[in-house]
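Here's a quick look at the salt bridges in this one. Have the sequence and the 3D view open as you read.

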Amino acid sequence: MTSEINKNMSFYLLRLKNYRYFIGLAIGISIVILHAVLTLQPLMHLIDGDQFWFTPYTESISFNVNGWTILFYLSIPLLSSLSAAQLMIDDLQSGFLWQIINRMNYIKYIGTIQIISFLSGAITISIPLALDYFIFWCFTPNLKANFVLNANHPLLGQTTFFANYYYTQPFKLVIFYLLFSAVLGGLYALFSSTLASCINNRFVSLATGFVLTMILNVLSAAFPHISLPSPVLIAIGSSPVYLPGIVPTIFVIATVLLLLIVVHTVGVNKRIHV
C-alpha cells in the first residue's frame, strides 16, 4: 500500500515539472516584487531608527491599497488557473485521461486531480503574498500599527475581518488574510479544473473565473450596500467594499467547495463513461 502511494506521488510530481503550471506563480511573484521595490524606494531614506509610521503591516500589498493591490487581487482567478489546475484539460485533450484510468481507479484519479488543483491554486496565491510581507518585514520596523500615526491607513470592521487585530496582533491578521486568499486561489483553480472536465475547452476553463469575477466587481461597485461582494475584493486586507459576516462567508466558501467537488466528479465520470 505504501509503495503504491509513493509510486502515485512520484508519478504526479514528475508531471508537475511542466513550466506551464508555474506561470501564474511567476506572474504573482513579479507583481509583488515590483510593488515592494516601488513602495520601499521612497521610504529607504526614512529608515533611520527614529520614524516609525510605516511597518510591514501598513505597507504590505493587502493593507496598503493601491494600483498594485488591485492588479494582484483582480488577477487571482487567472493566476490560480495558470497552475497545475491545467492537468485536467491536458489529460482530456491529449487523451492521457483514458490511459490513466486503465491503470488507476477513476475515483482515486478524480480525488487526486481535485487535491492537486486546489493546492496548486492556493500555493500560487499564498507564496507571492508571503514573499511580499517578508520583504517588508526585512526592510521596515517590525512594529504594530499605531491608530494615531497611521491614521491615513485606518482599518474598520466594515471593511476588514477582525480589524481590531491590526493594532493589537497584526501578524495574526496577516496570516488570516494570507490563508483566506490561498483558499480563494484554491477555489478558483478547482473551478477552472471543473470547467475543463465539463466543457473541454482550455480558453473557457482559464478565463471564465476571471470574467465572472469582473462582473461581480462591477456589481459590487455599483451596489455597495447589497450583499453581493466580489470574492477577490473581500480578500483584500483593507477591502474597498463592505464585508459580509465572517460566518456567512465561511458557509459560502464551504458550499462552493462542496459544489465544485460534486460537479467536477460528475464531469469526469461522464467523460470516462461516454
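## What counts here

A salt bridge is a side-chain nitrogen of Lys or Arg within 4 Å of a carboxyl oxygen of Asp or Glu. The model is predicted, and by that rule the count comes to 2 salt bridges.

## Arg20 and Asp90

Start with Arg20, which pairs up with Asp90; their closest N and O atoms sit 2.9 Å apart. Arg20 is in the loop between helix H1 (2-15) and helix H2 (23-40), while Asp90 is in helix H6 (residues 87-94), so this contact ties together parts that are 70 residues apart in sequence.

How exposed are the two partners? Arg20 has a relative accessible area of 23%, so Arg20 is partly exposed. Asp90 comes in at 10%, which is under the 20% cut-off and therefore buried.

## Asp90 and Arg202

Asp90 also meets the side chain of Arg202 in a salt bridge, at 2.6 Å from N to O. With Asp90 in helix H6 and Arg202 in helix H11 (residues 202-222), the pair ties together parts that are 112 residues apart in sequence. Arg202 is partly exposed, at 26% relative accessibility.

## Putting it together

Which residues are linked in a network of salt bridges? They're Arg20, Asp90 and Arg202. Asp90 takes part in the bridge with Arg20 and in the one with Arg202.

Conventions
Residues are numbered from 1 along each chain as its sequence is written. This is a predicted model: local features need pLDDT of at least 70, side-chain atom pairs count only at pLDDT 80 or more; totals for chains, interfaces and linings use all residues. Side-chain values use heavy atoms; hydrogens and water are left out. Helices (H or I, at least four residues) and strands (E, at least two) are DSSP runs, numbered from the N terminus. Buried means under 20% relative accessible area, exposed over 50%, partly exposed in between (1.4 Å probe, protein chains only).
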